Amino acid sequence: MTKWKYDKGEGLSGDLLVKQKNQNVSISATDGYKGRVSMAANISLLLSEAKLTDQRTFTCMVVTSEDITEYPVIVVIYKAPSNLEISDKAEEIEIGKRTKLGKCVAQDANPAAEITWLKNNKPLVADGKGIFIQASVLVDPVTGLTTTTSELEYSAEKEDTDAQFTCSTQQGVGAELVSSPVIFTITYSTENIVLEVISQEPLVEGANMTLKCVADGNPAPTSFNFHIQGEVVKVEDTDSYTITNVSRDNTGEYKCSLIDNPTMEASEDITVKYLDINLNPSGNIVKSAGETLDITLQIDASGESKVSWTKNNVKLDKEPKFTKVTYADSGRYECEVSIGPLSRKASFELVVEGAPVIRKISSKRGEDGQHEVLICEAEGSPKPAVSWSINGTSLDESPFVNGKITHKIVVVPTANMTVSCTVSNDFGVDTRIINVSSLFEDVRVDKQDQLEDSDQTKLVVGVVVGLLIATLVIALAYWVYMKKSKQGSWKTGEKENGSSEEEKKLEEKVEENSQKAEV
């Protein structure tokens, strides 16, 4: 036989159910257990709808033919607190002073809740110095549930500012229950102050500067004295003072102090960076070509500066120098001087003027060989006007850059001619000429040269042949003459002498004709 019974108190017991071997379960429970108990297949006692009054001892009794054995079981009924909160909170805590922060209450719990205090989620343990915890438990005579109250007394430190205090409890079963966090106001007197300068970095002329006095007291002071270049300025309900449009004269030492304790002060050295430049000359500058231009840049700055130059928005490698200005020097020059974010700019516009000069005049045959391109290259400023002494087709005019211009025209010369190019502006005129050959004359000359070469060849051949024939005739005549002369020389000596002289003249003549023939 198996029987379950319970302890009714005062040494009495009550039967709940019995099961005989090979028989069904017999329920004998009365009072509050009737209809709430049953037996499982393994002879376990099943109790439904547990109540706080079920917290007692239940006993399983087993009877056999040899012995009777009892097995007691103590049942504990757990109930989490219905609520957990911190009440009676202190309005503020003074550093170093033992103060009651509040009490944490856990209502309607079973068994009685054990409350733990926490600061920033770390448990606080009573140490009898700065942490004091006192707990009490009340039992409801009707329900039997308990209410636990825990009071925390605490001696705060400055580091406890903005700390979160909570309390928690955890029953034997169920999740931990934690109260809402509470932040207490920690009060303490000012021990240190700092003067802060709020402005753009670095502080430059024209900017605004705010001085802020920061004190570590709580509550923080709201009134201060600001010492500004020998003057004391009192401010109330604020910790700041603003100086607008600062200049280099605002450079110096600044202080702030407590009104109720002037000896507690803070100071800060403030430097206002500045930059002044003077470019001489500036604006519009007009110079004649070849003149000298001296440029002077004066810099007055609070530190080392950086200088850069541009001409017509193109960066230059170095500062421009003008020993003798040229037309190419014309343009807008700008310098920029900077110290960190602070910068200044100055500029001048240089105009170089002068009478125009033709640097080169030339011509070239067109690619098709049917026209001539005349080119006139000139310098001058203002832009010179270009004109030609011959009508032609305007081929191209280059842009007027750095005082230079190139003008081209196309002509078809029918005869040899001299062409002039003239350039002019308000300062003068220049003219240069160029000889241009006729395209058609060139063609005729080429043909005539070919004819003359052929006629000259024929003439040389004819002359040579004629000289050869003349030489033969003279030689024949000389032979006949000599023959006759020999015959006459036998008769008279004079004739012989005369014949000798004539013979010499004839020989010279023949030799001269022979040389001409060879040529």
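The torsion about the S-S bond of Cys-376 and Cys-421 is about -95 degrees, so this disulfide is left-handed. Cys-376 sits in strand β33 (residues 372-381) and Cys-421 in strand β37 (residues 417-425), so the bond ties together parts that are 45 residues apart in sequence. Their sulfur atoms are 2.1 Å apart, and both cysteines are buried. Please keep in mind that this is a predicted model, and that the values here are computed from it.

## The disulfides

A disulfide is a covalent bond between the sulfur atoms of two cysteines. How many disulfides does a search of the whole structure find? There are three, and the table sets out their sulfur distances and S-S torsions.

| Pair | S-S distance | S-S torsion | Hand |
|---|---|---|---|
| Cys-104 and Cys-167 | 1.9 Å | 70 degrees | right-handed |
| Cys-213 and Cys-256 | 2.1 Å | about 70 degrees | right-handed |
| Cys-376 and Cys-421 | 2.1 Å | about -95 degrees | left-handed |

Take the pair of Cys-104 and Cys-167, with sulfur atoms 1.9 Å apart. Cys-104 belongs to strand β10 and Cys-167 to strand β15, so their bond ties together parts that are 63 residues apart in sequence. Both of these cysteines are buried.

Next come Cys-213 and Cys-256, whose sulfur atoms lie 2.1 Å apart. Here the partners are in strand β20 and strand β24 (residues 252-258), so the pair ties together parts that are 43 residues apart in sequence. Cys-213 is buried, and Cys-256 is buried too.

When the bonded cysteines are numbered in sequence order, the pairing reads 1-2, 3-4, 5-6. Two further cysteines deserve a look. Cys-60 has a relative accessibility of 11% and therefore counts as buried. Cys-335 is also buried, with a relative accessible area of 0%.

## Backbone geometry

Most residues other than glycine have a negative phi, and most peptide bonds are trans.

Which residues does a cis peptide bond with an omega of about -10 degrees join? They are Asn-110 and Pro-111. Pro-111 is located in the loop between β10 (98-109) and β11 (116-119). Asn-218 and Pro-219 are likewise joined by a cis peptide bond, with omega about 5 degrees. Pro-219 is in the loop between β20 (209-215) and β21 (224-228).

For positive phi, start with Ile-43, which is not a glycine yet has a phi of about 75 degrees. Ile-43 lies in the loop between β4 (37-39) and β5 (45-47). Is Ile-43 buried, partly exposed or exposed? At 35% relative accessibility, Ile-43 counts as partly exposed.

Asp-162 is not a glycine either, and its phi is positive at about 70 degrees. The loop between β14 (146-155) and β15 (164-169) holds Asp-162. Its relative accessibility is 59%, so Asp-162 counts as exposed.

Tyr-6 is in strand β1 (residues 2-9) and Phe-58 in strand β6 (residues 57-63), so the pair ties together parts that are 52 residues apart in sequence. Both residues are buried. Ring pairs also link Tyr-6, Tyr-33 and Phe-58 into a cluster.

What about Phe-165 and Phe-184? Both are buried. Their ring centres are 5.4 Å apart and their planes stand at 70 degrees, so the pair is edge-to-face. The pair links distant parts of the chain, with Phe-165 in strand β15 and Phe-184 in the loop between β17 (182-183) and β18 (185-187), 19 residues apart.

## The protein as a whole

Stepping back, the protein has two helices and 38 strands. Of its 519 residues, 32% are buried. Among contacts with a separation of 6 or more, 55% are between residues 24 or more positions apart. The accessible surface comes to about 32400 Å², and carbon and sulfur atoms account for 49% of that area.

Definitions and conventions. Residues are numbered from 1 along each chain as its sequence is written. This is a predicted model: local features need pLDDT of at least 70, side-chain atom pairs count only at pLDDT 80 or more; totals for chains, interfaces and linings use all residues. Side-chain values use heavy atoms; hydrogens and water are left out. Helices (H or I, at least four residues) and strands (E, at least two) are DSSP runs, numbered from the N terminus. Buried means under 20% relative accessible area, exposed over 50%, partly exposed in between (1.4 Å probe, protein chains only). A disulfide is a pair of cysteine sulfur atoms within 2.5 Å. Contact means heavy atoms within 4.5 Å. Accessible areas come from the Shrake-Rupley method with a 1.4 Å probe; for residues, only the protein chains shown count as cover. Rings of Phe, Tyr and Trp (its six-membered ring) pair if their centres lie within 6.5 Å; planes under 30 degrees apart count as stacked, over 60 as edge-to-face and the rest as tilted.
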